[in-house]
Amino acid sequence: MKSLVIVESPTKTKTIKKYLPKGYVVDSSMGHIRDLPSSAKEIPAKYKKESWSNLGINVEDGFTPLYVVPASKKKIVTKLKALLKDSDELILATDEDREGEAISWHLVELLNPKVPVKRMAFREITQEAINNALENFRDIDMNLVHAQETRRILDRLAGYTISPLLWKKISPGLSAGRVQSVAVQFLVERERERMRFKSGTYFDLKASVSKEKDKHKFNADLSHLDGKRLASGKDFDENTGKLKKPDSVVLLDEKKSNDLRDLLNSAEWAVSNIDVKVQKRNPSAPFITSTLQQEANRKFGFSARDTMSVAQKLYENGLITYMRTDSTNLSGQAINAARSEVEKQYGEEYLFKRVRNFGKSKGAQEAHEAIRPAGSSFVHPENAKLSGREFKLYDLIWKRTIATQMAEAELEFTNVTITAEKDDTKADFRTSGKKILFPGFFRAYVEGSDDPEAAIENQEIFLPEMKVGESIDLHALEAISHETKPPARFTEATLVKELEKRGVGRPSTYASIISTIQDRGYAKSDGKTLIPSYTAFAVTELLEVHFPHLVDSDFTSELEDKLDEIAKGKYDPVKYLEEYYSGEKGLKAQVDQQEDKIDPQKAKVLNLPLEGLNGMQVHVGRFGPYVKSEINGEEISTSLPADLDPGELSADKIQELLKAEKEGPKSLGNHPETGEPVYVLSGRFGPYVQLGEVTEENKKPKRVSLLKGMTPSDIDLDTALRLLELPRTLGEHPETGKEVKAGVGRYGPFVLHDGTFKSLKKDDNVLEIGLERAVELLKEKSKGRGSAAIADLGTHPETDQPVKVMDGRYGPYIKYGKKNISLPKGTEPEKFTMGDAVRLIEEKGKK
């Protein structure tokens, strides 16, 4: 008997093959094999004239979706049909979630098999799990299929109904989304809070003290003055910078803190209170999708997309259980494996006295298990044959899972109050100590730390033994100034946490949401935090005024809850879609009603919470953001520099930009040879120097961007002239007699000789480098003018075009036919698979 097993990816194909008996043929669908039309050309001719064809959903007939097979999938479908002809049964082994269930259903619909169809479900790719799945086939769960299909239709209706409105009213190419727009609103609202924020200043005292005649010094901070609590950051109003309840706290300014310091320098210091508490700490629950994304971002700086990509590889290679899950539950098999590892690695005393399990998370989808190492015995990270990001993530998952079955950590906290008295003044200083009595699960896992042993050491804060009434020696007393800080911007980790807390989206969708808002220009990452763009403000303002429910997290959360009900078979999908889209209160009617009320000119003016604008306006335009104002009856406008984010904008900065535009550029002086003026200017892509003015005869005067780290205020005439010399000739190469030049290109400063480029090192300065150093750099081992092949992945499963992983001058990339596509940042090229390449090619094609 011959069985055809279909999975979603080539990597999964390779792994599952190892565990199947003879007679099983395994192949991949490469993800979804059909979908709603992505463009007008994909709509079949017979539907093109239908009023709903652009949506790809027949809203007039029960929201029936129009599914098409994309051109890129046609060869795969043909191949699967051919394999099915020679098979006695079809086994669908796609992932056990809504997307996986939908892929299986689409395969059956499209392949139309005449042989028995079986659904094979497993949460991990191990011999035991595959054997169990082969003995327990089930039918396709149509409730899960309906939930996935409803979400897909819902997102299409939201995007395709609102986005065209944004194109007309703000700018072409903008997009809105049911979950995406709420996530953007979170970023924008946080930035508004930061813009409204006014800092408050307060002082306190820090004392360096010791027991009488003891060498060990420790610090204590002033907490109360004459029985009244000292003001700290939490006591200030973020919008006024003033105290919320001024009568309830003591506020020290610079003078008062210095006077108090001088007074207390000659005070009597003694211990007035000691409070000792012992606390027990329990380990965190095992990872679910969202907590894995958060912790990988905190510990390693991984983006949500990177985390899911690496986790997918670990799952497909049989090392972890399925990585899209909302459940913190661990199976009996997992608990036994974890407890066995605890005993083996740390000894019986570190094993929790009973089995510790964790309940299902609120809103958890289906009967999933937490993310954990696969199998009935866990592979130790050191034996998993992993490196780089894969090792880091597997190690993290292994440690977190092991920790769930470890003993509690026991900690002792000591809080000591030291009182300084002088004349009628009584000042209380507080200091705290922490001792780890028993590390318990800390031995394996400490949140936010890579090295548990080091973290244990760092957590302990030593205090000497003290008694109430004991005299204390003062060694130094310092008045310290503090300023309250604005609310922190969202990081990927904190945004995921906020989305989860508000019930917006589901953990399996967070990575794509965060990627989408960055890919579409609504936010950018500065390496850690997410910064909303001017366009994000414009779109959010329009939605808040005209479609408030679309950026209401409660409304979006209710939609998610109803999708969960559909997945359980408890809610009718068509009724759900009608409520959302049709009727007087539906999305379609709302857009039709609001469209004429939205003035495009007003929609492009941002309502930023900035003081002192006095008629100055910030706009979003076709070529980027700009500011506009009327000065002495004359309308002046100027572009905002690309590196000036909304949160850094102020009335003074806008005024400065408009003034510079009105006055025109100021010359640094004239070029000694041409006599032309030399300017420092700012444009959309940052500051630059320019030789001469723009005229009819000289429409494109020479311009050179400032080097990294330079600011316009650093530039004098001499520096500007040296920049304008670039690329400059350093002399002739001693071996070839050909010119050697130094310049700045898209990828930074370089030296050039006979067509060969060599990037400058960190300590080299392109304005100062000489011929000798340039020749030395050019002699260094180079990758050559061509690119070296790292791996030949074979031919693309759909197009038969060759796919290779290459190492080029600007980093690794894949060569696909005639196309070159850079690998995502942080990717290990040696571990890049055909499945990864196909996904990357697909993403590039969509963009």
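Visitor: Is aspartate 259 buried, partly exposed or exposed?

Guide: Welcome! Keep in mind that this is a predicted model. Aspartate 259 is partly exposed, because its relative accessible area is 40%, and the label "exposed" asks for over 50%.

Visitor: Which side chain does aspartate 259 meet in a salt bridge?

Guide: Here is the general idea: side chains of opposite charge can pair when their charged atoms come close. In this structure, aspartate 259 pairs with lysine 255, at 2.9 Å from N to O. Both residues belong to helix H7 (residues 254–264), where they stand four residues apart, about one turn of the helix. Lysine 255 counts as exposed, since its relative accessibility is 58%.

Visitor: How many salt bridges are there?

Guide: The count comes to 52. Another one joins arginine 298 to glutamate 295, with the closest N and O atoms 2.6 Å apart. These two are three residues apart in helix H8 (residues 289–300). Arginine 298 is partly exposed at 43% relative accessibility, while glutamate 295 is buried at 0%.

Visitor: Which parts of the chain does the pair of arginine 389 and aspartate 306 link?

Guide: Their side chains meet in a salt bridge at 3.5 Å, N to O. This pair links distant parts of the chain: arginine 389 sits in helix H11 and aspartate 306 in helix H9 (residues 304–316), 83 residues apart. Arginine 389 counts as buried, because its relative accessibility is 15% and buried means under 20%.

Visitor: Which residues are linked in a network of salt bridges?

Guide: Look for Arg98, Arg506, Asp561 and Asp564, which are linked in this way.

Technical notes:
Residues are numbered from 1 along each chain as its sequence is written. This is a predicted model: local features need pLDDT of at least 70, side-chain atom pairs count only at pLDDT 80 or more; totals for chains, interfaces and linings use all residues. Side-chain values use heavy atoms; hydrogens and water are left out. A salt bridge is a side-chain nitrogen of Lys or Arg within 4 Å of a carboxyl oxygen of Asp or Glu. Buried means under 20% relative accessible area, exposed over 50%, partly exposed in between (1.4 Å probe, protein chains only).
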